[in-house]
Structure formats: structure tokens, C-alpha cells
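Here is my note on the model you sent. The points run from the whole chain to single contacts.

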Amino acid sequence: MIRRFAARAGDVLFQPGSACPGFLVLDRGTIRVSLTAANGREVVLYRVTAGTVCLQTFTCLVEDRHYSAEGVVEEDVEGELIPAGDFRRRLAEDDGFRVLVFDGVAHRFTEYQRLVEEVALTGFDARLARVLMRLEAGGFVAATHAALAAETASGRAFVSRRLAEFARGGVVVQEKGGVRITDRRALERIAADTR
């Protein structure tokens, strides 16, 4: 039976080794899905928002496996939780639901391909610049160096060094609680560099 679901920012919805209670269809909010290595280094895989699919959850339900990543609520979430049995039944019997889910899974695989391309084929400065522009709100990026490292699949020390270099070039100013973008055009040029 489908039930309403809600969680607050900061809540851990799942972590490696936990069982999957069902398929969450979000009406609002954001869930950050990430992997953390034994050495503490974290990489953000994707974010689940209204209308998108959590690939971790899909895999757990289809293959009857446990989670291998962590899902943390970034912005309060509300939605419906479809229990595992109902999810499998709807996937088999409801053409509209199946198309919705598979379209969402295909979209996630495209994002994964983009992430691999970024990490493997794009210079770090360009990756960092793209993340800064994506997270920017009103000229300010409210993120720690550790959070930026997770977003760029790198280490915190490397992010700190590159941000210091961006600051020396007048592109950003590091402030308490984040980074202020001072030269958006320069940041866009860095982001566009494919070296």
C-alpha cells in the first residue's frame, strides 16, 4: 500500500548495507546520493528531485540488493513511498509507470556517463568552475572545501589550492561559509576549457 513520506534536511534515508523499503516518488525536496571511500573521501553521484529516479533504489528493488551508497536529505522532502512488492507489480503491469521509471533510469545513466567523462577527460579547474557555477546563488556558493571536493570527485586539499589560485586571479573571494564569485566571465572561461 502506497503511503505518504516526509523527511527533513540532514536526515539519512539510506546508507551502505541498509535494506530498501520501497520506491520513493518525490513531490518536493532534494536527496543527495554519494559514495564515501574507506579513507573518508566522498563523491556526490547525483541528486534526486521531484520527477527523477534514485538509481540506487531502483537497483536495490530490481536485484533485491542492499544499498551501496548514502542518501541524505538536502532540502526537506515529501512524496509517496511505494513498497517493494507494489513497485515490482506496477513495473510489470502499468505501462505508464514503467515508462516513467525507465525514462528516469536512462536519464541517470546519462548523468553517470557525464560524471565519468568529467572526471576522466576534463581538467580539474574546469570541473571546479562548473560546480561553482551550478551551486552559485546570488553570486555566492555556500559550500565548504570538503563539500566542493565531494562535488568534483577530488580531495579537499586540492580544492583549497585551486580556490586559492582562483582568488589570486580575482575570479573568486573566499569568505566565511563559502566562496563569492567576483568575475563570472573568467569563471565561465575556465569552465569552458576542455584541456
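1. Burial first. A residue is buried under 20% relative accessible area, exposed over 50%, and partly exposed in between (1.4 Å probe, protein chains only). On that scale, buried residues make up 39% of the 195 residues in the chain.

2. Ground rules. This is a predicted model: local features need pLDDT of at least 70, side-chain atom pairs count only at pLDDT 80 or more, and totals for chains, interfaces and linings use all residues. Residues are numbered from 1 along each chain as its sequence is written, and side-chain values use heavy atoms, with hydrogens and water left out.

3. Overall layout. The chain has 7 helices and 8 strands. Helices (H or I, at least four residues) and strands (E, at least two) are DSSP runs, numbered from the N terminus. Along the principal axes, the C-alpha atoms fill a box of roughly 60 × 35 × 30 Å. The chain exposes about 10,600 Å², an area from the Shrake-Rupley method with a 1.4 Å probe. Carbon and sulfur atoms supply 53% of that area.

4. Contact range. Contact means heavy atoms within 4.5 Å. Take the contacts between residues at least 6 apart in sequence: 67% of them join residues at least 24 apart.

5. L24 lies in strand β3 (residues 22-36). At 17% relative accessibility, L24 counts as buried. Beyond its neighbours within four places in sequence, L24 touches F5, L13, I31, E80 and L81. L24 and L81 are 57 residues apart in sequence, yet their C-alpha atoms are 4.5 Å apart.

6. Helices α1 and α2. Helix α1 (residues 55-63) packs on helix α2 (residues 84-93) at about 85 degrees, with axes 10 Å apart. Axes are lines fitted to C-alpha atoms, for helices over the stretch in contact, and angles run from 0 to 180 degrees between N-to-C directions. The pair is therefore roughly perpendicular. From α1 come F58, L61 and V62; from α2 come A84, F87, R88 and L91. The contact has 6 nonpolar residues, no polar and 1 charged. Here Ala, Val, Leu, Ile, Met, Phe, Trp, Tyr, Cys and Pro count as nonpolar, Asp, Glu, Lys and Arg as charged, and the others, Gly among them, as polar.

7. Helices α4 and α6. The axes of helix α4 (residues 124-135) and α6 come within 11 Å and cross at roughly 80 degrees. They are therefore roughly perpendicular too. F124, D125, L128, A129 and L132 in α4 meet F158, V159, R162, L163 and F166 in α6. By class that is 8 nonpolar, no polar and 2 charged.

8. Helices α5 and α6. The axes of helix α5 (residues 145-152) and helix α6 (residues 156-168) come within 8 Å, crossing at roughly 105 degrees. That makes α5 roughly perpendicular to α6. H145, A146, L148, A149 and T152 of α5 contact R156, V159, S160 and L163 of α6. This contact holds 5 nonpolar, 3 polar and 1 charged residues.

9. Cysteines. How many disulfides does a search of the whole structure find? It finds 0. A disulfide here is a pair of cysteine sulfur atoms within 2.5 Å. The sulfur of C20 is 5.3 Å from its closest cysteine sulfur, in C60, too far for a bond. C20 is buried at 16% relative accessible area, and C60 is buried at 4%.

Terms used: Angles under 35 degrees count as roughly parallel, over 145 as roughly antiparallel, 65 to 115 as roughly perpendicular and the rest as oblique.
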